[in-house]
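Student: I have a protein model to read. Can we go through it step by step?

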Amino acid sequence: MNEDFKKYVEGSLVDVDRDMVDGITDIREYAFYQYSALKSIIIPYTTTNIGDYSFSECSNLERVSIEAGTTNIGVEAFINCTNLTEINIPSSVTSVGSSAFSGCSSLTNIDMSKKAENAKF
């Protein structure tokens, strides 16, 4: 787990709300990698980049809300998040890395704006 986030995720943190990460512009590679306690996260409008592998293999992650402002979802950012059921992708997203949602076998609700549908996948 990325050291920048340790103050937010040590212990038994289950939900990361907007106030915890507000002002963060970049979620670095592997920031929450294999953090199995995480169940939901709201990524604030200040965050422009979700780094490669940043939430990969978060096996209990169920919900991700990305606010408008994020432009990039990195390579394998959410790979093998097997309990992820819903995610919203705002129109500000212009690039989604390869296999970003591969292995998300429970993903049934993807809320994606018309503009985001034109993002480079």
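The questions below go from the overall fold to the aromatic rings.

Student: How many helices and strands does the protein have?
Tutor: This is a predicted model. From the N terminus on, its elements run α-β-α-β-β-β-β-β-β-β-β. That comes to two helices and nine strands.

Student: What share of the 121 residues is buried?
Tutor: A residue is buried if its relative accessible area is under 20%. Among the 121 residues of the protein, the buried share is 40%.

Student: Are the planes of Tyr30 and Tyr33 stacked or edge-to-face?
Tutor: The structure holds five aromatic pairs. In one of them, the ring centres of Tyr30 and Tyr33 lie 5.3 Å apart, with the planes at 80°. Planes over 60 degrees apart count as edge-to-face. So the pair Tyr30 and Tyr33 is edge-to-face.

Student: Which class does the pair of Phe32 and Phe55 belong to?
Tutor: Their ring centres are 4.9 Å apart and their planes meet at 10°. The cut-off for this class is under 30 degrees. So this pair is stacked.

Student: How many residues apart are Phe32 and Phe55?
Tutor: Phe32 sits in the loop between strand E2 (26–27) and strand E3 (40–43). Phe55 sits in the loop between strand E4 (49–50) and strand E5 (63–66). The pair links distant parts of the chain, 23 residues apart.

Student: Is Phe55 buried or exposed?
Tutor: Buried means under 20% relative accessible area. Phe55 has 0% relative accessibility, so Phe55 counts as buried.

Student: Which residues form a cluster through ring pairs?
Tutor: Phe32 and Phe55 are a stacked pair. Ring pairs make a cluster of Phe32, Phe55, Phe78 and Phe101.

Note on methods: Residues are numbered from 1 along each chain as its sequence is written. This is a predicted model: local features need pLDDT of at least 70, side-chain atom pairs count only at pLDDT 80 or more; totals for chains, interfaces and linings use all residues. Side-chain values use heavy atoms; hydrogens and water are left out. Rings of Phe, Tyr and Trp (its six-membered ring) pair if their centres lie within 6.5 Å; planes under 30 degrees apart count as stacked, over 60 as edge-to-face and the rest as tilted. Helices (H or I, at least four residues) and strands (E, at least two) are DSSP runs, numbered from the N terminus. Buried means under 20% relative accessible area, exposed over 50%, partly exposed in between (1.4 Å probe, protein chains only).
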